[in-house]
Amino acid sequence: MENKIPYKIYLNEDEIPTQWYNVRADMATKPAPLLNPATGLPLTQQELEPIFCSELCKQELDNDTKWFDIPEEIQDFYKLYRPSPLVRAYFLEKALGTPAKIYYKFEGNNTSGSHKLNSAIAQAYYAKKQGLKGVTTETGAGQWGTALSMACSFFGLDCQVYMVKCSYEQKPFRREVMRTYGAQVTPSPSLTTNVGRKILAEHPDTTGSLGCAISEAVEAAVSQEGYRYVLGSVLNQVLLHQTIIGLEAKAAMDKYGIKPDIVIGCAGGGSNLGGLVSPFIGEKLRGENDYRVIAVEPASCPSFTRGKFAYDFCDTGMICPLAKMYTLGSQFIPSANHAGGLRFHGMSTILSQLYHDGLMEARAVEQTEVFEAATQFARVEGVLPAPESSHAIRVAIDEALKCKETGEEKTILFGLTGTGYFDLYAYEKFNTGKMSDVIPSDSVLEESFAKLPKMK
Ligand SMILES: *Cc1c(COP(=O)(O)O)cnc(C)c1O
């Protein structure tokens with residue numbers, strides 16, 4: 001075993017990055033702008049401001065500023081759980097018998113259990129700075145709602161979370177974490193909004209959907225004085241905040257002269273992947289270095305590998321802006337797989353453009369093989385990974401096994417986005433052999449693509 005590289009590489013507190021990196025500034029082809037569905041024209045700062053905080057609107061629309069200073073209050077909060085460790089997976093390498101060197105950046109070391117806190121704290125900060133009373137949001141599996149409730153309690157903001165009703169009932173523990181941090185959690189659809197009342201009148205027995213919860217949260221934000229809506233993925237601003245992951249990882253690797261050949265992350269809306277890979281893609285875009293970047297998505301929700309690169313709505317309710325992205329169609333409902341955080345029909349516009357331009361690869365994996373990788377990883381590395389994160393583990397293991405065949409000593413870096421303590425129902429399904437893979441047929445996807453908005 002090499003003795004030079006420690007098991008865990010921690011940056012010192014004063015080495016934590018103090019700026020976020022905006023990869024859009026280095027992109028020759030910028031991501032296509034968000035469009036106002038009513039006018040078909042690019043959304044302006046003015047049109048976005050009733051929904052999002054001003055500073056966040058600026059970050060959303062800025063394709064040119066390369067570095068954004070991280071405000072001191074956010075830097076201070078980051079110190080509660082950052083830097084996150086970069087871990088050399090020596091035990092996994094040994095178990096696989098691979099000459100590959102495997103590293104993972106672990107974002108699960110905070111109470112919310114995932115990377116989502118990196119953006120939640122930034123969004124809460126800007127809302128507080130603007131003098132707002134509170135924010136509204138939706139949550140499916142509950143990771144984002146949990147992160148946001150922590151961030152809001154830190155800044156003394158009111159936090160209203162619309163939680164998809166079936167998750168509200170099936171994941172009572174996440175709900176209680178949010179309430180402990182002071183959030184008001186409402187099962188969606190609810191009677192507190194017009195859109196919720198309308199949906200309930202039409203479908204009294206519905207257990208809700210993310211699209212419906214988004215519609216309720218947006219309505220709640222715009223109809224209450226001093227409230228704005230916040231979102232935990234997909235948006236450019238979220239990807240920007242998440243670059244703290246990649247900047248730290250790169251700084252830690254640079255410290256030891258390590259250069260990854262392959263960088264791997266799971267892709268839901270694209271925020272952790274975009275955050276991890278931005279500094280590496282930046283070097284690629286500037287012609288300074290080359291890396292292989294792989295996005296991993298569930299075969300049940302394959303936006304990159306089987307989606308269309310087209311303008312589409314970001315929500316099922318078709319009230320949110322149009323984004324040009326790899327999409328399965330806003331009306332596509334993925335089967336109930338166990339990686340709730342990877343069930344979004346679309347993808348970050350930044351990553352979509354990078355993928356379209358050949359700067360990234362993508363792979364779709366089935367959930368039983370994902371849980372096999374999760375189990376293998378847990379047993380040797382100790383961490384019980386989130387199902388979402390385990391998608392990246394699957395492909396990291398596959399790449400390491402290829403190295404075993406060829407004898408290549410590649411360096412692999414992957415993002416371990418979170419822990420799976422609230423996903424034990426999924427682990428139970430796997431452990432009792434009751435997990436299956438549902439992959440959408442071509443005809444189901446074609447039907448969904450037919451409903452994509454017709455663009456002029
Ligand atoms: C939400 C979530 C994801 C996926 O979201 P991205 O925006 O694609 O990063 C991945 N892993 C975990 C643990 C999550 O909570």
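User: How are helix 15 and helix 17 oriented to each other: roughly perpendicular or roughly parallel?
Analyst: Helix 15 and helix 17 are roughly perpendicular to each other, a label used for angles of 65 to 115 degrees, while under 35 counts as roughly parallel, over 145 as roughly antiparallel and the rest as oblique. Helix 17 covers residues 424–431, and its axis crosses that of helix 15 at roughly 100°, coming within 11 Å. Axes here are lines fitted to C-alpha atoms, for helices over the stretch in contact, with angles from 0 to 180 degrees between N-to-C directions. Helices (H or I, at least four residues) and strands (E, at least two) are DSSP runs, numbered from the N terminus.

User: Anything to know about the model itself before we go on?
Analyst: It's a predicted model: local features need pLDDT of at least 70 and side-chain atom pairs count only at pLDDT 80 or more, while totals for chains, interfaces and linings use all residues. Residues are numbered from 1 along each chain as its sequence is written, and side-chain values use heavy atoms, with hydrogens and water left out.

User: Ok, which residues meet between helix 15 and helix 17?
Analyst: From helix 15 you have Thr 368, Phe 371, Glu 372, Ala 374 and Thr 375, and from helix 17 Ala 426, Tyr 427 and Phe 430. Contact means heavy atoms within 4.5 Å. Sorted by class, that contact has 5 nonpolar, 2 polar and 1 charged residues. Ala, Val, Leu, Ile, Met, Phe, Trp, Tyr, Cys and Pro count as nonpolar, Asp, Glu, Lys and Arg as charged, and the others, Gly among them, as polar.

User: What else is Phe 430 in contact with?
Analyst: Leaving aside neighbours within four places in sequence, Phe 430 is in contact with Thr 368, Phe 371, Glu 372, Thr 375 and Met 435.

User: And helix 16, at what angle does it pack on helix 15?
Analyst: About 85°, with the axes 8 Å apart; helix 15 runs over residues 367–381 and helix 16 over 387–406. That makes helix 15 roughly perpendicular to helix 16. Among the residues making the contact are Val 370, Phe 371 and Phe 377 of helix 15, along with Ile 393, Arg 394 and Ile 397 of helix 16. The class count for this contact is 8 nonpolar, 3 polar and 3 charged residues.

User: Switching topic: how many residues surround the ligand?
Analyst: There are 18, and the closest are Lys 116, Ser 233, Gly 268, Ser 271 and Asn 272. The shell has 4 nonpolar, 12 polar and 2 charged residues.

User: Which polar side-chain atom lies 2.7 Å from a nitrogen atom of the ligand?
Analyst: One belonging to Thr 417. The side chain of Ser 233 has an N or O atom 2.5 Å from a ligand oxygen atom, and a polar backbone atom of Gly 270 is 2.9 Å from an oxygen atom of the ligand.

User: How much of the ligand does the protein bury?
Analyst: The protein buries 98% of the 390 Å² that the ligand exposes when taken alone. Those areas come from the Shrake-Rupley method with a 1.4 Å probe.

User: What about Val 234, where is that?
Analyst: Val 234 is in the loop between strand 9 (227–229) and helix 11. Although not a glycine, Val 234 has a positive phi of about 65°.

Definitions and conventions. Near = heavy atom within 4 Å. Polar contact = N/O pair within 3.5 Å; in protein donor to acceptor, adjacent residues only side chain to side chain.
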